[in-house]
Amino acid sequence: IAWQDARFSSGDHDGIALASSADGGMSWSAPAEVNGEPTAVAFTPTVNVRSDGLIAVTYYDLRNDTFPKSVLTDYWMVVSSDGTAFTESHLSGPFDLNNAPRGEFGPNNTLGLFLGDYQALASTDTMFLPLYAQTHTGSAISSDIVIDFPPAVSAAAAAAAPAARHQFRAVPAVAGVTLTGAARERMSEHIRRAQRARLPGR
């Protein structure tokens with residue numbers, strides 16, 4: 001299972017957590033951070049395990065968001081044969097998340113960016129098939145749904161990936177760590193900043 005989690009940065013920003021179960025969900029491994037750039041905000045993961053045991057996780061991140069008045073976003077896929085050593089591939093971007101349509105969320109119908117909730121990760125015996133949303137180039141407010149066909153990778157090739165591709169090891173969560181008051185405040189302030197940037201005038 002994969003999800004967004006801020007525990008790896010002590011509440012500063014979300015990363016992508018991955019955990020697994022070998023007994024039908026009765027017990028789970030400790031979460032590990034599996035996004036390729038741990039200092040960048042990462043969100044909306046999908047996960048799939050191929051029939052040969054190769055694991056893939058896709059997600060968005062903001063590592064290239066360096067220009068004011070934009071939210072430059074990229075889409076990535078990481079693969080692993082053992083859940084520990086990962087190889088990262090760039091699938092799309094950067095695209096400007098500010099060009100996503102606006103939607104109303106929550107009990108107060110708060111207006112925010114809505115890229116779409118159409119993300120999925122399927123597989124055949126030899127390849128992964130990521131499906132995701134991204135905005136158009138330019139300034140039009142719209143988004144498209146894309147299915148990608150990255151090159152097929154065998155489990156053995158994933159374990160011996162070429163050095164030219166970004167490789168990293170998953171970062172395990174520290175057991176028993178809870179967010180401090182200061183970390184909770186940083187997380188709240190980050191949410192407030194994001195709301196101010198994405199919900200102007202509210």
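Strands here are DSSP runs of E, at least two residues long, numbered from the N terminus. The model is predicted: local features need pLDDT of at least 70, side-chain atom pairs count only at pLDDT 80 or more, and totals for chains, interfaces and linings use all residues. Residues are numbered from 1 along each chain as its sequence is written, and side-chain values use heavy atoms, without hydrogens and water.

Select Asn98, in the loop that links β7 (85-96) to β8 (102-105). Show its contacts (heavy atoms within 4.5 Å): beyond neighbours within four places in sequence, Asn98 meets Lys69, Ser70, Val71, Leu113 and Ile141. A polar atom of the Asn98 side chain lies 3.4 Å from the backbone oxygen of Lys69.

Next, select Ala56. Leaving out residues up to four places away in sequence, Ala56 touches Thr46, Val47, Asn48, Met77, Val78, Val79, Leu121 and Phe128.

Now colour the open three-stranded sheet, ordered β10-β11-β12 with antiparallel pairing; two strands pair if DSSP finds at least two bridges between them. β10 (120-123) and β12 (143-147) are the edge strands, each with a single partner, so one side of each has no neighbour in the sheet. From one strand to the next, the twist averages 15 degrees, as an angle from 0 to 180 degrees between N-to-C directions of lines fitted to C-alpha atoms. Zoom in on β10 and β11 (residues 128-135): four bridges join these antiparallel strands. End at Ser123, which stands opposite Phe128 in β11.

Terms used
Polar contact = N/O pair within 3.5 Å; in protein donor to acceptor, adjacent residues only side chain to side chain.
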